[in-house]
Amino acid sequence: MIHPTSDVKSTNIGENTNIWQFCVVFPRAQIGSNCNICAQVLIENEVKIGNNVTIKSGVQIWDGITIEDDVFVGPNATFTNDLFPRSKNPDWKLAKTTIKKGASIGANATILAGVTIGENAMIGAGSVVTKDVPANTVWCGNPARQIREV
């Protein structure tokens, strides 16, 4: 189901995926099956989203981001894809970010470019992730630090 107020150009969307109000999905984006893309989400071209993913409202998924199966992205979580952003930078280099299977990202967390969040890891609400997160760990704070294992 694609809500009529959304602008979805991609045809590479799996079965039983819902895309709700006021979303924008670029033509080359890949979205798996059984996903729930909530209102006001933007998904750029060079993005891969696995199966059974939930992306809550107000999230932008920029080029270079891969989200594997069974991931939860909380409302207004922020991703980046440029470590040194400047307007009209001719030397811009895309930094790729990967969110591994089963990971959860809390509301308003910020994920800096180029990190990998490991399988089943959890990122607390409002945390700022500046480096790779190992599998099966919980990270919170600014900058985010490991507080325990899952």
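Two strands are taken to pair if DSSP finds at least two bridges between them. Strands here are DSSP runs of type E with at least two residues, and helices are runs of H or I with at least four residues, both numbered from the N terminus. By that pairing rule, strand E13 (residues 97-99) and strand E16 pair in the parallel sense over two bridges. In this pair, Thr-98 stands opposite Thr-116 of E16.

The model is a predicted one, so local features are reported at pLDDT of at least 70 and side-chain atom pairs at pLDDT 80 or more, while totals for chains, interfaces and linings use all residues. Residues are numbered from 1 along each chain as its sequence is written, and side-chain values use heavy atoms, with hydrogens and water left out.

Now for the overall picture. The protein has zero helices and 20 strands. Its radius of gyration, taken over C-alpha atoms, is 15 Å. The globule rule (2.2 Å times the number of residues to the power 0.38) gives a close value, 15 Å for 150 residues, so the protein is as compact as a globular protein of that length. Along the principal axes, the C-alpha atoms fill a box of roughly 40 × 40 × 20 Å. Of the 150 residues, 41% count as buried, where buried means under 20% relative accessible area, exposed means over 50%, and partly exposed lies in between (1.4 Å probe, protein chains only).

The exposed surface comes to about 7700 Å², with carbon and sulfur atoms supplying 49% of it; the areas come from the Shrake-Rupley method with a 1.4 Å probe. As for contacts (heavy atoms within 4.5 Å), residues 24 or more positions apart account for 15% of those with a separation of 6 or more. On the charge side, the mean positions of the 13 positive and 13 negative charges are 5 Å apart. Lys and Arg count as positive and Asp and Glu as negative, with His and the chain ends not counted; each charge is placed at NZ of Lys, CZ of Arg, CG of Asp or CD of Glu.

Back to the sheets. Strands of a sheet pair through backbone hydrogen bonds, either parallel or antiparallel. The E13 and E16 pair belongs to an open sheet of five strands, in the order E4-E7-E10-E13-E16, with parallel pairing. E4 and E16 (116-117) stand at the edges with a single partner strand each, so one side of each is left without a neighbour in the sheet.

Another open sheet has eight strands, ordered E2-E5-E8-E11-E14-E17-E19-E20, and its pairing is mixed. Its edge strands are E2 (18-19) and E20 (144-149), each pairing on one side only. Towards the E20 end, both senses of pairing turn up. Strand E17 (residues 122-123) runs parallel to strand E19 (residues 137-141) and is joined to it by two bridges: Met-122 stands opposite Val-138, and Ile-123 has Trp-139 as its bridge partner. E19 and E20, by contrast, pair in the antiparallel sense over five bridges. In that pair, Trp-139 stands opposite Gln-146 of E20.

E19 and E20 form a hairpin with two residues between them. Pro-143 is found in this loop, and the peptide bond leading from Asn-142 to Pro-143 is cis, with omega near -5°. Most residues other than glycine have a negative phi, and most peptide bonds are trans. Two residues stand out on the phi side.

Two other loop residues are buried instead. Ala-29 sits in the loop between strand E3 (24-25) and strand E4 (30-31) and has 0% relative accessibility. Leaving aside residues up to four places away in sequence, Ala-29 touches Ser-10, Asn-12, Ile-43, Glu-44, Asn-45 and Val-47. Asn-45 is found in the loop between strand E6 (42-43) and strand E7 (48-49), and counts as buried at 13% relative accessibility. With the sequence neighbours left out in that way, the residues touched by Asn-45 are Phe-26, Pro-27, Arg-28, Ala-29 and Asp-63.
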